[in-house]
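The stops below are given in the order in which they may be selected.

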Amino acid sequence: MKIKVMNFGVNHVEIQYYEKLNQDFNYDLSFESRLLDTDTVAEAKGFEVVTVSVNCKVTKENLDKLKALGVKYLFTRTVGVNHIDVDYAKQLGFKMARVPFYSANSVSELAVSLSLGLLRNTFYMAENMRKKNFKVDDFMFAKEIRNSVIGVIGTGRIGMEAAKAFKGMGAKVLGYDIYPNDANKAILDYVSLDELLAQSDLITIHSPYIPGENDNMINKDTIAKMKKGAFFVNVARGSLVNYDDLYEAIESQHLRGAAVDSVQNETQIFLKDFAGKPLPIETYEKLHSLYPRVIFTPHIGYYTDLALEDIITTTFENIRDLQSVEKIANSI
């Protein structure tokens, strides 16, 4: 009998990748474009295996419902697991696994493209073009990247791919990591966090989020140490940044602008359409009002062809392995 798998939070464009890669596994796949939450959890009825994405709400309430529906295996198609009540899931006996890594280029490319848009003011110019305004003004003037200092906080796989791209464009790249890697010194110079903040024309953060350890590590104190007129990019986790403090820094023009792919409480904002309506969280409404100095993308760092293939393949392998062995390397 084929293993029946319900996949929550799968967009239509992704299904062709699931079906192609499934030729090597032969699972019975079903898809739900909506995220797993209290309204959609019933769609798991009849499935032993469920996979979820980053903004699914795998809470105690929904875990109880999944258990009652007969679900035994829970797989997240993500690196992080903070959207799952892991301790309670273990109490209920769920077998779980995650995707420990996927294409580092997918996230780093987003960081670099957002950075270039900020550094060369292309978001601002695109907005002027939309208004049919083709005048050249002072805000369009830019510092060349080869004359800039780029600060990379978190020099793991993703951070280093971004660092290589900036280095290739001639920038001086500074790095900060609590675990510096000597092999990275050919690309960047490791410095203290304070030195990186003070010297960088643009700072991009790629640190993992560790609850209770680096919550709001970018806050009014660290932002105050940043170079006046600098840019900030976050394609990591929203919990790393205090967005009220970021707003104040941009509104006061201490920072020139920012781009973010992840925010705190993002399930209230991302994957929804608020055209003509205010955002339900005041902080993000205020940040949005600073467009095009502030750019949001809806947690799409993973949303590329090769990253998706990595994510799906690892998830399928997790399903196969947890069916046959007691514990696998990717177990939660």
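Predicted model: local features only at pLDDT ≥ 70, side-chain atom pairs only at ≥ 80, totals over all residues.

Residues are numbered from 1 along each chain as its sequence is written, and side-chain values use heavy atoms, with hydrogens and water left out.

**First stop: the five-stranded sheet**

Select the strands in the order β2-β1-β3-β4-β5, which form an open sheet with parallel pairing. Helices (H or I, at least four residues) and strands (E, at least two) are DSSP runs numbered from the N terminus, and two strands pair if DSSP finds at least two bridges between them. At the edges stand β2 (28-32) and β5 (95-97), each with a single partner strand, so one side of each has no neighbour in the sheet. From one strand to the next, the twist averages 20 degrees; axes are lines fitted to C-alpha atoms, for helices over the stretch in contact, and angles run from 0 to 180 degrees between N-to-C directions.

Next, select β4 (residues 73-76), which is joined to the parallel β5 by three bridges. Leu74 stands opposite Met96 in β5.

Contact here means heavy atoms within 4.5 Å.

**Second stop: the seven-stranded sheet**

Select β8-β7-β6-β9-β10-β11-β12, the strand order of an open sheet with parallel pairing. The edge strands are β8 (189-190) and β12 (294-296); each has a single partner strand, so one side of each is left without a neighbour in the sheet.

Within this sheet, four bridges join β9 (residues 202-205) to β10 (residues 230-234), and the two run parallel. Select Thr204 to find its bridge partner in β10, Val233.

Two helices may now be shown. Helix α4 (residues 104-119) lies across β6 (149-153), β9, β10, β11 (255-260) and β12, at about 155 degrees to β10. Helix α9 (residues 243-251) lies across β10, β11 and β12, at about 140 degrees to β11.

Which residues line the largest cavity? Select Gly117, Leu118, Asn121, Phe123, Tyr124, Phe139, Phe231, Arg256, Gly257, Pro292 and Arg293. The elements giving two or more residues to this lining are α4, α5 (122-130) and β11.

Conventions
1 Å grid on protein atoms, 1.4 Å probe; cavity = no way out; pocket = protein on both sides within 12 Å on 5 of 7 lines; lining within 4 Å.
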